Amino acid sequence: MRAFLLVLSGLVLVIACMNVANILMVRATIRQREMAIRAALGSSRARLVRQTLTESIVLAILGGLAGLILGKWGSDAFAGSIDLATDFPIMLDFSFDWRVFSYALSGAVSTGILIGIWPALRGSRADANVVLHDGGRTDSGGAGRGRARGILVVAQVAGSLVLLIVAGLFTRSLQRAQRIDLGFDAGHMLNVRLDPDEVGYSHARAMDFYRELERRIRALPGVQSASLAVSVPMGYINNGQAIYPEERPVVPGEQPPMAGCNYIGPGYFETMRIPLVRGRAVLESDSETAPQAAVVNQTMAGRFWPNQDPIGKRFRIRHDGSPWEVVGVAHDSKYLAVFEHPLPYFYLPLAQTGVTMRTLQVRTSVPPESMAARVQREIQSLDPEMPVADLRTMNQSLAGGFGFLLFRIGAIQGGTMGILGLLLAMIGVYGVVSYGASQRTREIGIRMALAAGPADVRSLVLGHGLRLVIAGVATGLVAAAVFTRVAAGYVLLVSTTDPLTFTMVTLLLAAIALWACYLPARRAMRVDPVVALRHE
């Protein structure tokens with residue numbers, strides 16, 4: 001993901017460079033008369049190039065410093081918006097780093113040189129006799145410079161379209177992720193992680209603590225059910241075990257198949273609202289002295305016992321361990337990540353595992369946030385020294401690193417870069433169309449003097465801009481189709497050629513580009529032919 005976002009950042013930089021290069025070319029054209037006078041007064045071409053290039057570098061340095069300030073502000077705002085959904089001391093360091101500063105400043109200087117050298121060379125090549133004779137009335141660079149500016153605008157529009165499509169795909173991925181069937185009900189759920197070992201509890205005392213805590217929590221008004229488990233779906237605590245089915249012995253030398261697992265207490269499936277497909281759930285009777293029982297998910301049942309009834313089947317989680325008997329089959333859920341494919345998974349009774357670190361899960365009939373303080377008070381009333389961690393709703397937990405965080409980061413970063421690219425492209429379109437219209441003021445005046453109406457002038461100016469936009473959109477669609485296929489590994493839950501995204505983004509870009517072309521056209525429609533011809 002980091003490399004992909006760096007590529008998008010590089011594309012924004014390229015669009016910005018093309019925009020500045022276009023502006024510098026226009027500026028060099030406007031300053032042809034000044035350069036011609038300087039040359040006539042004895043300035044060498046090298047001195048003229050050095051002057052123009054110095055101005056470009058100064059602009060790049062000022063822009064780079066402004067960018068560093070905005071970047072620091074933006075990174076701080078971005079870091080503040082990230083919730084990793086954990087009480088672990090994980091810090092995102094966006095503090096000032098002289099290496100980043102040096103890299104950015106050197107990049108700005110290099111960019112200033114690269115984008116300034118071409119306009120400087122072109123501007124210094126002006127023929128003094130021609131420019132002074134024409135009085136700077138027209139663009140003496142002719143069609144060549146117009147084509148160069150047009151190509152840059154087409155490239156800007158194309159790059160902007162690629163950025164917007166990527167941003168749209170990330171946004172669609174986030175929308176799909178938020179609507180995906182998780183296999184459990186995350187609403188009205190409150191989680192809190194407890195570990196009596198941290199305060200020196202024995203195993204027996206920890207079990208007594210949990211039994212009393214469950215009794216008290218279930219008695220609270222607004223609580224529908226409560227249960228205990230070691231981990232929560234898409235949390236940072238996950239367990240995996242090697243599986244040794246009795247009917248399918250592992251060949252010596254081969255790796256045994258793996259499956260994820262969770263240790264749960266009675267009422268877990270009711271609290272999580274995970275449907276049971278067959279058999280039963282974990283019960284109070286699944287105690288330490290009872291036969292070892294396990295509930296498997298549909299994927300595990302189908303993979304290890306295809307076309308068979310898994311109830312009563314047995315497997316081991318150590319080659320020499322005691323067997324666990326399948327007593328139920330649960331519906332598939334999401335366990336590690338939102339975008340995962342169905343995984344084999346099983347559940348073991350907490351009482352038969354001896355694990356003391358547990359997560360209390362509470363399903364409420366009221367907003368779960370309102371129950372957090374009451375649940376914490378019950379815990380502290382049992383033991384004021386009991387550490388409480390990760391007290392948050394299930395939806396808040398799902399917003400963390402193993403849930404929707406990746407999709408949110410992609411949507412925010414992609415959207416920001418897409419908007420920047422769009423603004424730069426529109427500035428480029430507006431600048432070129434506006435400059436082209438100003439260069440044709442005399443022509444427009446003559447046309448209007450010969451009875452051309454405002455609609456004719458509008459069509460003349462709009463036509464030039466729209467041709468550039470259409471060419472840029474066509475190029476951008478092709479580039480986006482290629483780019484998104486290469487980046488398929490970073491765009492999840494949505495096709496890289498999603499028709500809705502391509503259509504909506506193209507229409508958005510076209511509408512804004514039309515507006516950018518219309519503004520110069522409207523100004524050209526108001527040209528007074530008498531004033532225009534007298535000025536010329």
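A cavity is a set of grid points where a 1.4 Å probe fits but cannot get out, and its lining residues have an atom within 4 Å of a point. The views below come from a predicted model.

**View 1. The second largest cavity and its lining.** The structure holds four cavities of 30 Å³ or more. By class, eight lining residues are nonpolar, four are polar and one is charged.

**View 2. A nonpolar patch on the surface.** V58, L62 and L65 form this patch. Together they have about 250 Å² of accessible area. L62 sits in helix α3, residues 45–80. L62 has a relative accessible area of 54%, so it counts as exposed, the cut-off being over 50%.

**View 3. A salt bridge between D185 and R363.** A search of the whole structure finds 13 salt bridges. In one of them, the side chains of D185 and R363 meet at 3.5 Å, N to O. D185 lies in the loop between α6 (142–179) and β1 (189–194), and R363 in strand β11 (residues 358–364), so the pair ties together parts 178 residues apart in sequence. D185 is partly exposed at 29% relative accessibility, whereas R363 is buried at 1%.

**View 4. A salt bridge between R316 and E246.** The two side chains meet at 3.5 Å, N to O. R316 belongs to strand β8 (residues 314–316), and E246 to the loop between β4 (244–245) and β5 (258–264). The pair links distant parts of the chain, 70 residues apart. R316 is partly exposed, with 25% relative accessibility. E246 is partly exposed as well, at 32%.

View 5. D286 forms a salt bridge with R280. Their closest N and O atoms are 2.9 Å apart. D286 is buried at 5% relative accessibility, while R280 is partly exposed at 29%. Elsewhere, E212, R215, R216 and E378 are linked in a network of salt bridges.

View 6. R273 is not a glycine, yet its phi is positive, near 60°. R273 is found in the loop between α8 (268–272) and β6 (276–279). Its relative accessibility of 43% makes R273 partly exposed. D390, also not a glycine, has a positive phi of about 55°. D390 lies in strand β12, residues 388–393. D390 is buried, with a relative accessible area of 8%.

Definitions and conventions. Residues numbered from 1 in each chain as written. Predicted model: local features only at pLDDT ≥ 70, side-chain atom pairs only at ≥ 80, totals over all residues. Heavy atoms only, no water. 1 Å grid on protein atoms, 1.4 Å probe; cavity = no way out; pocket = protein on both sides within 12 Å on 5 of 7 lines; lining within 4 Å. Points joined across faces, edges and corners; volume = space filled by probe spheres on them. Nonpolar A, V, L, I, M, F, W, Y, C, P; charged D, E, K, R; others polar. Patch = residues over 30% accessible without salt bridge, like charges linked within 9 Å, V, L, I, M, F, W, Y side chains within 5 Å. Areas by Shrake-Rupley, 256 points an atom, 1.4 Å probe, with all protein chains shown as cover. Salt bridge = Lys/Arg side-chain N within 4 Å of Asp/Glu carboxyl O. Helix = DSSP H or I, 4+ residues; strand = E, 2+ residues; numbered from the N terminus. Buried < 20%, exposed > 50% of the residue type's maximum accessible area, 1.4 Å probe, protein only.
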